[in-house]
Amino acid sequence: MLLNLLGHHENWDGTGYPRRLVGEDISLQGRIIRICDSFVTMTYDLRDYKLTKMSYKEAFDELEKCSWTDFDGNLVQEFISLLIEIELPDSWYDRFDSNFIEKLYTSIESPADLL
């Protein structure tokens, strides 16, 4: 399991770390976490190297720009489509939004939709 999580530092093109895995050799969990972590960093977290937050559109553009080098391009497209579909609110990280949660859960037709 730990190696699956460490996969979020791997780049699709093999230039990441710790094992320099390439493409689908990177665990699916690692590829998904990489995209999610990058999106949060761009739009909310700021970490040490960003002075301003990106808009969702700017972050989507950056994810697409880095598809097939840093990220699994197919997963990037799925991620962007999902966030557009669920209409992720700007305040999702800071404030509980019961309307958003209700809307999100009403769109789930079966437990398989969560997988």
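A crossing is left-handed if the near helix is turned anticlockwise from the far one by less than a right angle, and right-handed if clockwise. By that convention, helix H2 crosses H4 in a right-handed sense, and the crossing of H2 and H3 is right-handed. The model is predicted: local features need pLDDT of at least 70 and side-chain atom pairs count only at pLDDT 80 or more, while totals for chains, interfaces and linings use all residues. Residues are numbered from 1 along each chain as its sequence is written, and side-chain values use heavy atoms, with hydrogens and water left out.

**Packing of H2 and H4**

- The axes of H2 and H4 (lines fitted to C-alpha atoms, for helices over the stretch in contact, with angles from 0 to 180 degrees between N-to-C directions) come within 10 Å and cross at roughly 50 degrees.
- H2 and H4 are therefore oblique to each other, the class left once angles under 35 degrees count as roughly parallel, over 145 as roughly antiparallel and 65 to 115 as roughly perpendicular.
- The contact (heavy atoms within 4.5 Å) is made by Leu28, Arg31, Ile32, Ile35, Cys36 and Phe39 of H2 with Leu75, Val76, Phe79 and Leu83 of H4.
- These residues comprise 9 nonpolar, no polar and 1 charged; Ala, Val, Leu, Ile, Met, Phe, Trp, Tyr, Cys and Pro count as nonpolar, Asp, Glu, Lys and Arg as charged, and the others, Gly among them, as polar.

**Packing of H2 and H3**

- Helix H2 (residues 28-45) packs against helix H3 (residues 56-65) at an angle of about 140 degrees, with their axes 10 Å apart.
- This pair is therefore oblique as well.
- H2 contributes Ile35, Ser38, Phe39, Met42 and Thr43 to the contact, and H3 contributes Tyr56, Ala59, Phe60, Glu62 and Leu63.
- By class, the H2 contact with H3 has 7 nonpolar, 2 polar and 1 charged residues.

- Leaving aside its neighbours within four places in sequence, Leu83 is in contact with Phe39, Phe60 and Leu88.

**Leu28**

- Leu28 lies in helix H2.
- Leu28 counts as partly exposed because its relative accessibility is 45%, where buried means under 20% relative accessible area, exposed over 50% and partly exposed in between (1.4 Å probe, protein chains only).
- The C-alpha atoms of Leu28 and Leu75 are separated by 9.4 Å, although these residues are 47 residues apart along the chain.

How values were computed
Helix = DSSP H or I, 4+ residues; strand = E, 2+ residues; numbered from the N terminus.
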